[in-house]
Amino acid sequence: MDLKTEQEKRKEFCDILFGLAKDQEMLQDEAKRQDVYERLEKLYYSPNREDRYRHFYSDIFTVLTQIQQDPKQGDINILGQNLSLIRMEYRPQNRDEQGNIIDISDSIRKLYDHVSLDIARILYSDAGDRKTAGETAIIDMQSQLNQIQTEINRTKIAQSNVETELEKQQREYISILGIFAAVVLAFTGGIAFSTSVLNNINTVSVYRIILVSLIIGLVLINILFGLFYYVDRLVNGLQENRNKIKPLLISNVVLCVLMIATISAWNYGWVEERDTRIKEEREKEQIIENTEEMSKISIQK
C-alpha cells in the first residue's frame, strides 16, 4: 500500500470513528448500519492480504482525545457502544470481484478492543485528574477556611481590645469629669472662704488674717495640684517626671516660710512695735509742729 492510499484510509478511518461517536441511535436504522458495514469493509478489506489496512493506535488516541476535549465532536462512550454493537451484529454478506466473501470480523474485533482500551485509559486518567483536582480544591478550601478562621480570631481580639479600650476611656472620662467638678467646688469653696475672711479684716488681728490666708492658699494649691496631677496621669499615663512636682514643692516651701515668718512676727510683736514706733514718730512730729506754731505766734506779738 502506497503512502497516499494509506493517508486516505487513515482519514476515512477517523471520519468513521467521529461519525460513530455522534449518534447513539444511528445503528438502529438498517440502512445506516449497512452503510457503516460497507465503509468498514471498503476500509479494511483487500483481496491481497499484504495490502489490507491496519489502523494506527495514534489515530485512535487522537480521535478519542479530540472527542473528549470537545463535546461537539460526540462522546467516547457512544463510540464504544456503537463499536460493541457493530462487533456483535456484523455478518459477512458481500463478495469481492473474484466472488470471495468479504469478512472483516477480525479487524472489527481488534478495532473494538483497541478503542475500548483507550477509552478505559482516558476515563481512568480523567477520574484521577478529577480526584486530584478534588483533593486540591479541598486543600485550597481548607486553607481558605483556616485563613477565614484566623481573620475571625483576629477580629474578635481586636473587638475585645476596642471594647476594653472604650471601657477604659469611659472610666477615664468619668474620672476627669469628677475631678474637674471637684476642682470647681474646691476653687469656689476656697474663694468663698477667703472672701468671708477678708470681710472681717477689720475685726481680727493682722497676724490671724495673714496666717489663715496662707493656710487657705496652701490647702487650695495642694488640692488643685493633686487633682490636675491625677488628670495628667489619666491622660498621659504614669510617667516619672519630677519636674511636674517641682512647682508644688516651691510653692509649699514659700508658703511655709511665710507662715513661719508670720508666727514669728506674731510672737515677737513686730507689727505692734512698728505701730508704736510710727505713733511715737507722729507724736514727735506733732510736738515739733506745735512748737513751731507757738514760736511764730510769739514773734508776731
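Helices (H or I, at least four residues) and strands (E, at least two) are DSSP runs, numbered from the N terminus. The model is predicted: local features need pLDDT of at least 70 and side-chain atom pairs pLDDT 80 or more, while totals for chains, interfaces and linings use all residues. Residues are numbered from 1 along each chain as its sequence is written, and side-chain values use heavy atoms, without hydrogens and water.

**Exercise 1.** Determine the order of the elements and the overall spread of the protein.

*Solution.*
Step 1. The protein has 8 helices and 0 strands.
Step 2. Read from the N terminus, the order is α-α-α-α-α-α-α-α.
Step 3. The radius of gyration, taken over C-alpha atoms, is compared with the globule rule, 2.2 Å times the number of residues to the power 0.38. The protein has a radius of 61 Å, well over the 19 Å that this rule gives for 301 residues, so the protein is more spread out than a compact globule.
Step 4. Along the principal axes, the C-alpha atoms fill a box of roughly 200 × 35 × 30 Å.

**Exercise 2.** Describe how helix α1 and helix α3 cross, and which residues make the contact.

*Solution.*
Step 1. Axes are lines fitted to C-alpha atoms, for helices over the stretch in contact, and angles run from 0 to 180 degrees between N-to-C directions. The axes of α1 (residues 3-22) and α3 (residues 57-69) come within 10 Å and cross at roughly 35°.
Step 2. Contact means heavy atoms within 4.5 Å. From α1, the contact involves R10, F13, C14, L17, F18 and A21; from α3, S58, D59, I60, V63, Q66 and I67.
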